[in-house]
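Subject: Structure handover

Hello,

Here is the structure for your work. My notes on the backbone and on one helix follow below.

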Amino acid sequence: MDEIKVLFIDDDMSLGSIITLALEDLGYKVHYQTSLAGIKSVVREIDPDIIVLDLEIGKKNATEIIPELKLIMPEIPILIVSSHVESENVMKALEAGAVIYLKKPFDIAELQAYINRFVKPFRVKELKIGMFHLKAEENLLVKADEVTRKLSALECKLLRLLALNLNQV
């Protein structure tokens, strides 16, 4: 499996450097930045598998940018990390689209577990759906080794998303 690409954004450069080094030592490819400047372009350019985002970046609050990031990449898991532990902050971040709110200080093993939990299901290259197999890399729906349909990229992503979230709204 290819390296998992992590976009890590935190304006605390000391912590950011430590977390970046730790994640790289664990085998992740990390793009670290200290601001939200050009974040939409960065997301499009590096196509991360996951975003780890501090709640407060300078004077900006991550809950404001999450919906914009979700418009660019709807499937991308966004983990919020923050020293602000009030339940109101947690609730706002989760409502905005974050999948988890990790309270600082945290153990790197906990961050690793969340990264793996939220990234790996979306990196599945082939998925069984009833009597069909979805070959995500080629955008093919296959039945008994015969191509049933060539899907558009959007159709493939949607089918994969639905199959990975069976019985969920």
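Is Asn139 buried or exposed? The model is predicted, and in it Asn139 has a relative accessible area of 18%; the cut-off for buried is under 20%, so Asn139 counts as buried. This residue lies in the loop between β9 (132-135) and β10 (140-143).

Asp47 is another non-glycine residue with a positive phi, about 50 degrees. Asp47 sits in the loop between α2 (39-46) and β3 (50-54). Its relative accessibility is 40%, so it counts as partly exposed. For context, most residues other than glycine have a negative phi, and most peptide bonds are trans.

There is also a cis peptide bond, from Lys104 to Pro105, with omega near -5 degrees. Pro105 belongs to the loop between β7 (100-103) and α5.

The helix is α1, residues 13-25. Its 13 residues should span 18 Å at 1.5 Å a residue, and the end C-alpha atoms are 18 Å apart, which agrees. Gly16, Ile19, Thr20 and Leu23 are its buried residues. Viewed down the helix axis they fall within an arc of 105 degrees, so they line one face of α1. They pack against β1 (5-9), β2 (29-33) and α5 (108-119). Ser14, Ile18, Leu21 and Asp25, on the other side of α1, are exposed.

At the start of α1, the backbone nitrogen of Ser14 has a side-chain oxygen of Asp12 within 3.2 Å. Just after the helix, Gly27 has a positive phi of about 100 degrees.

Regards

Technical notes:
Residues are numbered from 1 along each chain as its sequence is written. This is a predicted model: local features need pLDDT of at least 70, side-chain atom pairs count only at pLDDT 80 or more; totals for chains, interfaces and linings use all residues. Side-chain values use heavy atoms; hydrogens and water are left out. Helices (H or I, at least four residues) and strands (E, at least two) are DSSP runs, numbered from the N terminus. The expected span of a helix is 1.5 Å times one less than its number of residues. Buried means under 20% relative accessible area, exposed over 50%, partly exposed in between (1.4 Å probe, protein chains only). The arc is that of the directions from the helix axis to the C-beta atoms. Contact means heavy atoms within 4.5 Å. A polar contact is a pair of N or O atoms within 3.5 Å; within protein, one must be able to donate a hydrogen and the other to accept it, and residues adjacent in sequence count only if both atoms are side-chain atoms.
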